[in-house]
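Look over the sequence and the model below before reading on.

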Amino acid sequence: MVGKKFTDAEKLRHLENLWTPGKNSVFPSTQHGKKQLKFQFGWLENWKWLAYSKIEDGAYCKYCVLFSKYRGGKGSQLLGQLCTEPFNKWKHALEKFSTHEKTNYHQNSVIDFQQISSIVTGKTYPVYHQLNKTEKIQKENNRKIIIPVINSVILCGRQGIALRGHRDSGPLNIDEPLINEGNFRSLLRFFLKATTLSGDESFKLARENCTDETADISGVKQFALCARYYDVNEKKMCESFFKICSSG
């Protein structure tokens with residue numbers, strides 16, 4: 001498996017089918033100085049990420065073999081023993097294993113395994129699916145926000161009611177103001193009150209300003225008067241600019 005490329009599903013399949021020696025397995029001994037040392041089964045119980053290769057008589061980190069980038073540590077050096085090469089210097093095994101599991105590349109490999117495992121098993125969704133889901137929710141919320149505005153404009157247009165009021169800017173509150181803010185804002189407030197009283201708060205608004213307002217070089221506030229509508233024949237949204245109006 002070392003050095004080969006696999007899909008995420010194949011990586012998880014290899015981990016599920018990974019061969020593991022039994023407790024009564026006999027490991028070959030190798031000469032280390034004056035001692036004959038060999039791999040210990042107890043190491044597999046102490047370090048769950050550890051795997052043993054019977055063919056190579058060496059130890060590997062099963063997560064780093066499959067999920068590491070083959071570079072890590074100081075200066076992004078090429079990874080060696082336990083990752084791309086077997087480790088079999090049993091005299092230094094405990095020290096090597098303890099050091100390895102503290103490295104950034106090992107911890108990142110474990111995190112990658114956990115994330116991929118959750119995605120493949122359906123416990124979570126890929127990042128791009130989560131982003132698409134968030135974008136979809138945002139679009140739905142934006143549509144809910146604009147619905148009462150559109151309905152109020154349509155109603156005023158059909159009934160020949162003027163939109164402009166004494167005050168057309170600032171936050172729109174549910175409570176009735178002391179002054180008459182005009183037909184448009186009153187209709188919006190009525191719509192929001194009705195939906196709130198019915199228990200539906202999905203249309204609740206807190207808009208700073210419903211117009212695109214700015215100031216010219218002399219400091220006089222102005223806003224662009226536009227109409228946005230749906231063209232039935234062209235089957236698309238259209239926007240027509242009328243004129244620049246002074247709000248002073």
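How many residues lie between S3 and S4 in their hairpin? The two strands form a hairpin with four residues between them, and Asp57 in the turn has a positive phi of about 50 degrees. This is a predicted model, in which local features need pLDDT of at least 70 and side-chain atom pairs count only at pLDDT 80 or more, while totals for chains, interfaces and linings use all residues; pLDDT is the predictor's confidence in each residue, from 0 to 100. Residues are numbered from 1 along each chain as its sequence is written, and side-chain values use heavy atoms, with hydrogens and water left out.

Helices (H or I, at least four residues) and strands (E, at least two) are DSSP runs, numbered from the N terminus. Two strands pair if DSSP finds at least two bridges between them. S3 and S4 run antiparallel and are joined by four bridges. One of the residues involved is Tyr52, whose bridge partner in S4 is Ala59.

S4 is covered on both faces: Gly58 and Tyr60 on one side are buried, and so are Ala59 and Cys61 on the other. Here buried means under 20% relative accessible area, exposed means over 50%, and partly exposed lies in between (1.4 Å probe, protein chains only).

A nonpolar core is a set of buried Ala, Val, Leu, Ile, Met, Phe, Trp, Tyr and Cys residues joined through side-chain atoms within 4.5 Å. This core has 27 residues, of which Phe39, Trp43, Trp49, Leu50 and Phe97 touch the most other members. H3 gives the most to the core, with four residues.

Which residues does Trp49 contact, leaving aside its neighbours within four places in sequence? Contact means heavy atoms within 4.5 Å. Among the contacts of Trp49 are Tyr60, Cys61, Leu82, Phe97, His100 and His106. His100 is in helix H4 (residues 93-100) and is buried, with a relative accessible area of 3%.

Cys61 is in none, and its nearest cysteine sulfur, that of Cys64, is 3.5 Å away. The sulfur of Cys83 also has its closest cysteine sulfur in Cys64, but the distance is 4.1 Å, so it is too far for a bond. Cys61 is buried at 0% relative accessible area, and Cys83 counts as buried at 1%.

Trp47 sits in the loop between H2 and S3 and is buried, with a relative accessible area of 9%. Beyond four places in sequence, Trp47 is in contact with Leu94, Phe97, Ser98 and Glu101.

Now take the chain as a whole. The chain has seven helices and nine strands, and 26% of its 248 residues are buried. Its mean pLDDT is 76, and 66% of the residues reach 70 or more. Over residues 205-219 pLDDT stays under 50.

Methods: A disulfide is a pair of cysteine sulfur atoms within 2.5 Å.
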